[in-house]
Amino acid sequence: MKKIKIFAVLGIILAVPVFIAADHVDAPGVAGTSADIADFYAFEPTIGSDNTVFIVNVQSNVLPDLTYGAFDEDVLIEINIDLDGDLVEDQVIQAIPRDGIMYFFGPFAPSSTGLDSQVATGNALGSVEISSNTAITTTTSNGVSLFAGPRQDAFYFDFNRFNQVIAPTEEDHSGFNVPGIDTFDGANTLSIALEVPNSLLGTPTAMNVINVPVYKTWVTTNRKQ
């Protein structure tokens, strides 16, 4: 009997169409869990490139003096890509870890859209060993580059000062400090990164505000049910 694993959406973060989005421990259902999404980036690696880069960070605040966090084998990371502007996924890329390897699937047109997903084992994209201190990357025969592992958190935010600004006192109501203190300096996230030829993603018909065709994309984390 074929075993079907159903994954239900826990977290979601959008990059429509500016291609950068950050979350960081503010989704109450998943904050601080292995399904917590921190950042999502989608961009051209160079101007005019025929490739698109996707980066997903999960599990923010993995402090360097603690054991590195680990990717959860029960959590499926799914990059959703809308080609026609209706904000329904037309293509999906999936990533899920097993025994120290991150496996990628897609891009493929999902048989169903919305909250539930299945790992598309018949649409293998490639795999890469999950890095530790030294980055390990691999490039597949069809030009897809892959990475998975811990990385310095790129998010800059003076969180303590932010709280002081929104709740000022008579003694201290001077606003933000310049340059401030990066609360996330020294913290790590767990990242997946892949560079994909646009020919594999499909041709977008959705336009941005300056009438340039764009991929509208978002990321979800889904836990096995």
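Good morning. On the surface, Val209, Ile210 and Val212 form a nonpolar patch with about 330 Å² of accessible area together. Such patches join nonpolar side chains (Val, Leu, Ile, Met, Phe, Trp, Tyr) within 5 Å, and like charges within 9 Å, from residues with over 30% relative accessible area and no salt bridge. Areas come from the Shrake-Rupley method with a 1.4 Å probe, and for residues only the protein chains shown count as cover.

This is a predicted model, in which local features need pLDDT of at least 70 and side-chain atom pairs pLDDT 80 or more, while totals for chains, interfaces and linings use all residues. Residues are numbered from 1 along each chain as its sequence is written, and side-chain values use heavy atoms, without hydrogens and water.

Let me turn to the salt bridges. The count comes to three, each requiring a side-chain nitrogen of Lys or Arg within 4 Å of a carboxyl oxygen of Asp or Glu.

Asp72 pairs with Arg223, with the closest N and O atoms 3.1 Å apart. Asp72 lies in the loop between strand 4 (51–62) and strand 5 (75–82), and Arg223 in strand 13, 151 residues apart. Strands (E, at least two residues) and helices (H or I, at least four) are DSSP runs, numbered from the N terminus.

Lys224 and Asp74 also form a salt bridge, at 3.4 Å from N to O. Lys224 belongs to strand 13 and Asp74 to the loop between strand 4 and strand 5, so this pair ties together parts 150 residues apart in sequence.

Finally, Asp172 forms a salt bridge with Arg161, with a closest N to O distance of 2.8 Å. Is Arg161 buried or exposed? Arg161 is buried, at 6% relative accessible area, as buried means under 20%, exposed over 50%, and partly exposed in between (1.4 Å probe, protein chains only).
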